Amino acid sequence: MAHADTDRADTPLPSTAREKRSMWGALMNNGLYKGVTDVLFKTPRRQFLLLASFPLFWVFFAHLGPIIEMFYISFLDSYPPAAGYEPQLTLANWSRFFEERIFMIPFFRTLGFAFTLTFVTLLITYPVAYFLAKHVKRKNQLLFLLLLLIPFWVGEIVRTYAIMILLGNNGAVNLLLKSIGLIDRPIPFMYTSFSLGVGIIYLTALYMLLPLYSALEKIPDNYLEAAADLGAGSWTRFRRVTLPLSREGIASGCTLVFLISTGYYATPVLLGGPSTTVFAESIAGFFHVAGDEWPTGAAFSAIMLITTLSLTGIFLKLMGRDGKGLLK
């Protein structure tokens, strides 16, 4: 074996390989190269900062940058700036939200919708996630997940139109009810809170399902078996073992669905009616009209952002990251 290794080491390299090795050796011995690498990789902290520089740049400039700009615009009395006019700082855009009740109604309606639909989405998707995680063979779980993901490969608008086709007066639901003799005339599902709720639940179900599945799949089966051996019934095992151990999946799924639900615009426009106007539609109205209304829209967007983040923080605090939460 040693003789074979010696022969392999003495085997001459191809000319291309020798050239690459010589070029790399010359680069390694170059003083400038060594100086730069010593500065960049001298300490683990510098190595981390170098590797994290692009992700940090992306987060701060592509994500936080527009939000900071939005907050800045919300304090201006005019935007986009007109030629020859210097915008002034003002709080009028923020105070307008509290002074005009007409904006408070869609604001609280949006929060109410988001809370309700998040809870309903949790009730609908939890059994599905539990079935996938605990009753489907592990080799088939990926296939089932892919089947559930298929509708989400298309855009929001296409899926919203699918709901419109389903719930329309001549849609599948009304045609089915008429065919079995339950109704004589179509039920007006469209442009109501019901149609809006169905649409948003359909659009956000995946964001609830995947965190729940991930949390439930990690629960060892022997925990449930041990609880059963100790005399715990199915409901007791669910309440005392499964539900608390899936707390992080519930928290993550509810957070995603709540935040996404408060920001939907196209779906409420297509599925909702005058009685279901949400705050996103009110905000969009300020950006669609001529005049100096952009700062007001930016202020209202900031108010919604602050509110939703605050409520999410309270919810996560109540759920508990230290094992002491609502489900304990």
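Predicted model: local features only at pLDDT ≥ 70, side-chain atom pairs only at ≥ 80, totals over all residues.

A: Start with Lys134 and Asp221. Their side chains meet in a salt bridge, 3.2 Å from N to O. This pair links distant parts of the chain. Lys134 belongs to helix 6, while Asp221 is in helix 11 (residues 221–229). The two residues are 87 residues apart. How open is Asp221? Its relative accessible area is 47%, so Asp221 counts as partly exposed.

Another salt bridge joins Glu217 and Arg138, with the closest N and O atoms 2.4 Å apart. Glu217 lies in helix 10 (residues 193–217) and Arg138 in helix 7 (residues 138–149), so this pair ties together parts that are 79 residues apart in sequence. Glu217 is partly exposed, at 22% relative accessible area. Arg138 is exposed, at 60%.

How many salt bridges are in the whole structure? A search finds four. One of them pairs Glu100 with Arg96, and their closest N and O atoms are 3.2 Å apart. Glu100 is partly exposed, with 31% relative accessibility. Arg96 is partly exposed too, at 24%. Arg96 and Glu100 also belong to a network of salt bridges that includes Glu293.

Helix 6 covers residues 101–134. The largest pocket has a volume of about 430 Å³. Of its 20 lining residues, Phe119, Leu122, Ile250, Cys254 and Phe315 are the closest to the centre. Which elements give two or more residues to this lining? They are helix 6, helix 12 (234–245), helix 13 (247–263) and helix 16 (294–319). Helix 6 gives the largest share, eight residues. What kinds of residue face this pocket? The lining has 17 nonpolar residues, three polar ones and no charged ones.

About 60 Å³ of space lies in the largest cavity. Its lining residues include Thr110, Phe113, Ala114 and Leu117, along with Ser261 and Thr262. Helix 6 and helix 13 are the elements that give two or more residues here. Helix 6 gives the most, with four. This lining divides into seven nonpolar residues, three polar and no charged.

Next come the aromatic rings. The structure has 20 aromatic pairs. One of them is Phe97 with Phe279, an edge-to-face pair, 5.8 Å centre to centre with 75° between the planes. Phe97 sits in helix 5 (residues 92–99) and Phe279 in helix 15 (residues 279–288). That pair spans 182 residues of the chain. Are these two residues buried or exposed? Both Phe97 and Phe279 are buried. Ring pairs also draw them into a cluster with Phe98, Phe103, Phe107, Phe108, Phe286 and Phe300.

Finally, compare this with a database record. An unreviewed UniProt entry lists transmembrane regions, among them residues 111–132, 187–210 and 249–267. In the model, residues 187–210 are 75% helix and 0% strand, and their end C-alpha atoms lie 34 Å apart. Residues 249–267 are 89% helix and 0% strand, with the end C-alpha atoms 26 Å apart.

How values were computed. Residues numbered from 1 in each chain as written. Heavy atoms only, no water. Phe/Tyr/Trp six-rings, centres within 6.5 Å; stacked < 30°, edge-to-face > 60°. Buried < 20%, exposed > 50% of the residue type's maximum accessible area, 1.4 Å probe, protein only. 1 Å grid on protein atoms, 1.4 Å probe; cavity = no way out; pocket = protein on both sides within 12 Å on 5 of 7 lines; lining within 4 Å. Points joined across faces, edges and corners; volume = space filled by probe spheres on them. Nonpolar A, V, L, I, M, F, W, Y, C, P; charged D, E, K, R; others polar. UniProt positions renumbered as here; feature names shortened; annotations may be inferred.
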